[in-house]
Amino acid sequence: MNIGIIGGGAIGLLCASYLTQHHDVTVFTRRNEQAEEIRAVGIERTVKGETRQAAVHAQTGITGEFDLLIVTVKYHHLQDVLGELSTLPPHRILFLQNGMAHLLDLENWKTGHSLYIGVVEHGAMKMSDHAVNHTGIGVIKWGAFQHEEAVDIKKALNETSSHFQMIYTNEWKKVLEEKLLVNVCINPLTALLHVRNGELIANPSYEYMMKCAFEEAVSILGLPEKERLWSYVVSVCEKTAENQSSMLQDIVKGRQTERKAILGYLLKKAQAHGVAAPHLTFFDRSLEVLEKKQTKSFE
Ligand code: PAF
């Protein structure tokens, strides 16, 4: 297939480096220097200490015709990308954002494109404009958002490396909600407290705060199986105990966080359904202040 990948961040580079093994891949970046660098040296992917080079096309400005476009930019850049995509003839487009706020934007998007949603369960870190570290081998689960399922894409995306599987599921919303739950429990607190993920369960006061966030999020999302879900959140803290969450890293590096994609979505939903969410509101407002202050420290 002819695949266009929009975004040259960690997930964009990771997807491009694997998909180019079976497909013709073009990466669309915002900056021209990044596109030039990728064209010159390809994408360097390191997994389990082994580094591989992958050749892909790269350019700025989304033009051309593709069998599939994959949008990997963070939620706060999505509006710009939707504007550019609106100028294209009908395409099939897979969205891989964190959080769930993008679903509201896509619901309101008047478009002739066929839309798909995916959930990324990989760990990846961008090392430079052309290099990515595949820090956690997971899968991408994806499904049809509004339109009919695409049998040919499903088949083509099955042909991937064992380190990069793309699994079609009708249950994508449940997967997205459970990932949102993990993110809302771990990310805001680690960013506000400046602690690694494991601290949230090692310190009973932090665990209590995490439980408060959990209770609010579960009731906003109307999720059953609370016990299983709490064990799941705790198990992610255990498995990633030494990690700095993505939100903490964003705060430390003075970057915009995924606050709106994660907390923003839940708070909008809470308001619409008249559910109280005092802890999530506090986390959201505190993070907003912290983002503006651009704290750049982590001990
Ligand atoms: O966003 C992150 O950092 C990760 O999704 C997770 C699972 C919270 C672990 O750090």
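**View 1. Thr-29 counts as buried, at 7% relative accessibility.** Buried here means under 20% relative accessible area, exposed means over 50%, and partly exposed is in between, with a 1.4 Å probe and protein chains only. Before going on, a word on the model: it is predicted, so to speak of local features we need pLDDT of at least 70, side-chain atom pairs count only at pLDDT 80 or more, and totals for chains, interfaces and linings use all residues. Residues are numbered from 1 along each chain as its sequence is written, and side-chain values use heavy atoms, with hydrogens and water left out. Thr-29 itself is found in the loop between strand E2 (24–28) and helix H2 (32–41). Helices (H or I, at least four residues) and strands (E, at least two) are DSSP runs, numbered from the N terminus. Look across to Asp-105, 76 residues apart from Thr-29 along the chain: their C-alpha atoms are separated by 22 Å.

**View 2. Thr-51 sits in strand E4 (residues 50–54).** With 45% relative accessibility, Thr-51 counts as partly exposed. Ala-131 is 80 residues apart from Thr-51 in sequence, and the C-alpha to C-alpha distance is 9.6 Å.

**View 3. Here is the ligand with the residues that surround it.** The shell is made of Asn-183, Ile-186, Asn-187, Asn-197, Val-236, Ser-245 and Ser-246; to be included, a residue needs a heavy atom within 4 Å of the molecule. Helix H6 (residues 172–193) gives the largest share of that shell, 3 residues. By type, the shell has 2 nonpolar residues, 5 polar ones and no charged ones. For that sorting, Ala, Val, Leu, Ile, Met, Phe, Trp, Tyr, Cys and Pro are nonpolar, Asp, Glu, Lys and Arg are charged, and the others, Gly among them, are polar.

View 4. For Ser-246, a side-chain N or O atom is 2.6 Å from a ligand oxygen. Asn-197 has a side-chain N or O atom 2.7 Å from an oxygen of the ligand, and for Asn-183 a polar side-chain atom lies 3.1 Å from one. Taken alone, the ligand exposes 280 Å², and the protein buries 78% of that; these areas come from the Shrake-Rupley method with a 1.4 Å probe.

**View 5. Asn-197 lies in the loop between H6 and helix H7 (199–202).** Asn-197 is buried, at 5% relative accessible area. Its side chain also makes a polar contact with the side chain of Thr-240, at 2.9 Å. A polar contact is a pair of N or O atoms within 3.5 Å; within protein, one must be able to donate a hydrogen and the other to accept it, and residues adjacent in sequence count only if both atoms are side-chain atoms.

**View 6. Tyr-18 and Phe-164 form a stacked aromatic pair, 4.9 Å centre to centre with 10° between the planes.** Rings of Phe, Tyr and Trp (its six-membered ring) pair if their centres lie within 6.5 Å; planes under 30 degrees apart are stacked, over 60 edge-to-face, and the rest tilted. Tyr-18 belongs to helix H1 (residues 10–19), while Phe-164 is in the loop between helix H5 (151–158) and strand E12 (165–168), 146 residues apart. Tyr-18 is buried at 1%, and Phe-164 is buried at 0%. In H1, 9 of its 10 residues are buried.
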